[in-house]
Structures are given as structure tokens and as C-alpha cells.
Amino acid sequence: MKAALITGASAGLGLEFTRQIARQFPEIEEFWLIARRIGKLEELAQQMPEKKFVCIGLDLTDERSFRFLSDKLEEQKPDVRLLVGNAGCGIAGDVADTAQSALMRVVDLNVRALTLVTAAVIPYMSAGAKIIHISSIAGFCPTPRMTVYSASKAYVSAFSGGLSEELRPKGISVTAVCPGPMKTEFFEEVGDKNLFGNLPWCDPEQVVSGALRAAKKGRLFYTPTRFYKFYRFVAKLLPMKLMMKATHV
Ligand SMILES: NC(=O)c1ccc[n+]([C@@H]2O[C@H](COP(=O)([O-])OP(=O)(O)OC[C@H]3O[C@@H](n4cnc5c(N)ncnc54)[C@H](OP(=O)(O)O)[C@@H]3O)[C@@H](O)[C@H]2O)c1
């Protein structure tokens, strides 16, 4: 059965991806949705009775989740046409002032879980399938006070780049999406709504539609809005030391 697998589908960008994929990819028959709040996933499934859903309540920072997912994939053998590695979280504050468990939650979810979910799903993908990973503008250069988050997103972008070359012979594309700040539950967790000062907000609906367009074209990177495209360009040109001064939040 042709399937899309989306992590972090209970809110924000992941929820929007599920809705837009359902509209834009009629060939997708089944949605595998992953998040901790399974109730939210089931609510979303009820809004689309014409589609099939596999709602999986998993904490992706928990080691046991990957065995569970691998077993389920092995049992049902879906034909995954789209994988959206979206579940992620952030943290603000100096590393030295932050609990180690909070730092590791960011690494475990943004880096470890994204890597292991992708590795678990690739065997169920074939030519023409697409992987979308959610990175961030924070991955363009180190962002002091969001040091671990920005490093985790630099990993997502680099991982996506290497993977896209590895999967090219198989005809599977990889797209890393690098949005600026968006008004989602993300900032409730980060706990600092003013973190990005006057930086322009991105609209999740537009981010998702742009990301799907980029994935259809097989683009490796998608950065929404001219402002952040320019920021990406500048971050490539300027020395890291100078960029870090500018991004110190
Ligand atoms: N919002 C922004 O400003 C912004 C900017 C750039 C990039 N991003 C990236 O965009 C992606 C989506 O974030 P968002 O803005 O949509 O945030 P969000 O509204 O907080 O959504 C995060 C999603 O991840 C899931 N999640 C969180 N912890 C999880 C865990 N331990 N196990 C499984 N699922 C978990 C959440 O579901 P449950 O709580 O139900 O588990 C939720 O569905 C993230 O990778 C984020 O880094 C966000």
C-alpha cells in the first residue's frame, strides 16, 4: 500500500504536512503518523475518513520506539512514497545553565531519532520516493544561546546532503527544509517567544506547500521567503565569527 510517514504529526508543521499531502498526493493511500499524543493523531485521522491511517503514539527520545517502529514496518511492509522527518524541539539558554537532560532531549529527537527513523524507513522506499527533513535557518551558522539546537539542525542539513547522494542511484530524493521562526507549539516549549526579536515569521502553510514543491522537483534545500534565502547566502559568504555576533540572541 502506498504510504506517507510523518513524524511529529500531532501539531504545527507535521499536522500541516499531513493535510497538504492528503490533498496533493492522491496516490497515497495510507498515512503513518507518529507523535507522543496519539489522541491528536486520531483526531486528525477522523477529519479525513476517506484515507487510511496508522496512528503510532511513540516518544522518539525513547530507545524502544525504534524497535517498535522497525517491527511494525517489517510486519506491514508499506510502500513508503514520502517520509517527512519533522518531529523536533528547541531550547534556549547558555549550555552551562541548562540541565543536561534538556540538552540531550534536543540531540535525541532532532539528531538521533531523525537518523534512526530515516534508516528504518529507507528499506521500504523505492525509485520516485521522497524524503523531507525539517532543518532550520538555525542550521546555517552557530546560534549562541540556541547552540545545541542550531548544531542539531546543521546536522540535519548535512545528513540530508550526504544521504541525497547515497540515495541518488536508487532514485530517492532528499530535501532539507530550512524555515525561519513559525508560530507553532515549538515556542511554548522553548519558553521564550521573543527569542528572534524582529525577525520575520514564516507561515507554516506556505512553508509546507513550498517544501512539497521543492521535494517534487528533487531539490536538496528549500528555504522559505526571500529574506531567509538572502540570510542563507550571507551565512555562506561571511566568516562564522561575524555571523555568530549577528545571531547572538
Ligand atoms: N516553529 C519554529 O519556529 C521552527 C523554525 C524552524 C524549524 N522548526 C522545526 O520544525 C519542526 C516542527 O516543529 P513545529 O514548529 O511544528 O513544532 P511543534 O508545533 O512543537 O510540533 C512538534 C511536533 O513534534 C512532536 N514531538 C515532540 N517531541 C516528540 C517526541 N519526543 N517524540 C515524538 N514526537 C515528538 C510533537 O508531538 P507530541 O508533542 O504529540 O509528541 C509535535 O507533533 C521541528 O523539527 C522544528 O525544529 C521550527
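Biologist: Let's start with E2. How many of its residues are buried?
Modeller: Five of the six residues in E2 are buried, so it's mostly covered. Keep in mind that this is a predicted model.

Biologist: Okay. And how many bridges link E1 and E2?
Modeller: There are five bridges between E1 and E2, and the two strands pair in the parallel sense. Take Thr-7 as an example: its bridge partner in E2 is Ile-34.

Biologist: What's the order of the strands in the open sheet?
Modeller: The order is E3-E2-E1-E4-E5-E6-E7, seven strands with parallel pairing. Strand E3 (52-57) and strand E7 (221-222) stand at the edges. Each has a single partner strand, so one side of each has no neighbour in the sheet.

Biologist: Remind me, what holds strands together in general?
Modeller: Strands of a sheet pair through backbone hydrogen bonds, in either a parallel or an antiparallel way.

Biologist: Then how many bridges do E6 and E7 have?
Modeller: Two bridges, with strand E6 (residues 173-177) and E7 pairing in the parallel sense. One to look at involves Val-177, whose bridge partner in E7 is Tyr-222.

Biologist: Now E5. Is it mostly covered or mostly exposed?
Modeller: Mostly covered: five of the five residues in strand E5 (residues 130-134) are buried.

Biologist: Which way do the residues of E5 point?
Modeller: Lys-130, Ile-132 and Ile-134 point one way, while Ile-131 and His-133 point the other way, and all are buried. In a regular strand, side chains alternate between the two faces of the sheet.

Biologist: And what does E5 do with E4?
Modeller: Strand E4 (residues 79-85) pairs with E5 in the parallel sense, over four bridges. Within that pairing, Ile-132 of E5 is the bridge partner of Val-84.

Biologist: Let me click on a single residue. Where is Leu-5?
Modeller: Leu-5 sits in strand E1 (residues 2-7). Leu-5 counts as buried because there are 28 C-beta neighbours inside 10 Å.

Biologist: What is Leu-5 in contact with?
Modeller: Leaving aside neighbours within four places in sequence, Leu-5 is in contact with Trp-32, Val-80, Leu-83 and Val-121.

Biologist: Switching to helices. How do H4 and H5 pack?
Modeller: Helix H4 (residues 100-121) and helix H5 (residues 147-167) pack at an angle of about 5 degrees, and their axes are 9 Å apart. That angle is why H4 counts as roughly parallel to H5.

Biologist: Which residues make the contact?
Modeller: On H4 they include Leu-103, Val-106 and Val-107, and on H5 they include Val-148, Tyr-149 and Phe-159. The residues of the contact of H4 with H5 divide into 10 nonpolar, three polar and one charged.

Biologist: What about the helices lying across strands? Where's H2?
Modeller: Helix H2 (residues 38-46) lies across strand E2 (30-35) and E3, and runs at about 170 degrees to E3. Helix H7 (residues 204-216) lies across E5, E6 and E7, running at about 155 degrees to E6.

Biologist: Now the backbone. What's the phi of Lys-77?
Modeller: Phi of Lys-77 is positive, about 40 degrees, although Lys-77 is not a glycine. Most residues other than glycine have a negative phi. Lys-77 lies in the loop between helix H3 (64-76) and E4, and counts as exposed because it has 11 C-beta neighbours inside 10 Å.

Biologist: And Arg-145? What is its phi?
Modeller: Near 75 degrees, again a positive value in a residue other than glycine. Arg-145 is in the loop between E5 and H5. With 18 C-beta neighbours inside 10 Å, Arg-145 counts as partly exposed.

Biologist: Last topic, the ligand. Which residues come nearest?
Modeller: Of the 30 residues around the ligand, Gly-8, Gly-12, Arg-36, Arg-37 and Gly-88 come nearest. Helix H1 (12-24) and helix H6 (186-190) are the elements that give two or more residues to that shell. H1 gives the most, with three residues.

Biologist: How do the residues of the shell divide?
Modeller: The shell around the ligand has 14 nonpolar, 10 polar and six charged residues.

Conventions. Residues numbered from 1 in each chain as written. Predicted model: local features only at pLDDT ≥ 70, side-chain atom pairs only at ≥ 80, totals over all residues. Near = placed C-beta within 6 Å. Nonpolar A, V, L, I, M, F, W, Y, C, P; charged D, E, K, R; others polar. Axes fitted to C-alpha atoms, helices over the stretch in contact; angles between N-to-C directions. Parallel < 35°, antiparallel > 145°, perpendicular 65-115°, else oblique. Contact = placed C-beta atoms within 7 Å. Buried ≥ 20, exposed ≤ 12 C-beta atoms within 10 Å, placed from the backbone. Pairing = 2+ DSSP bridges.
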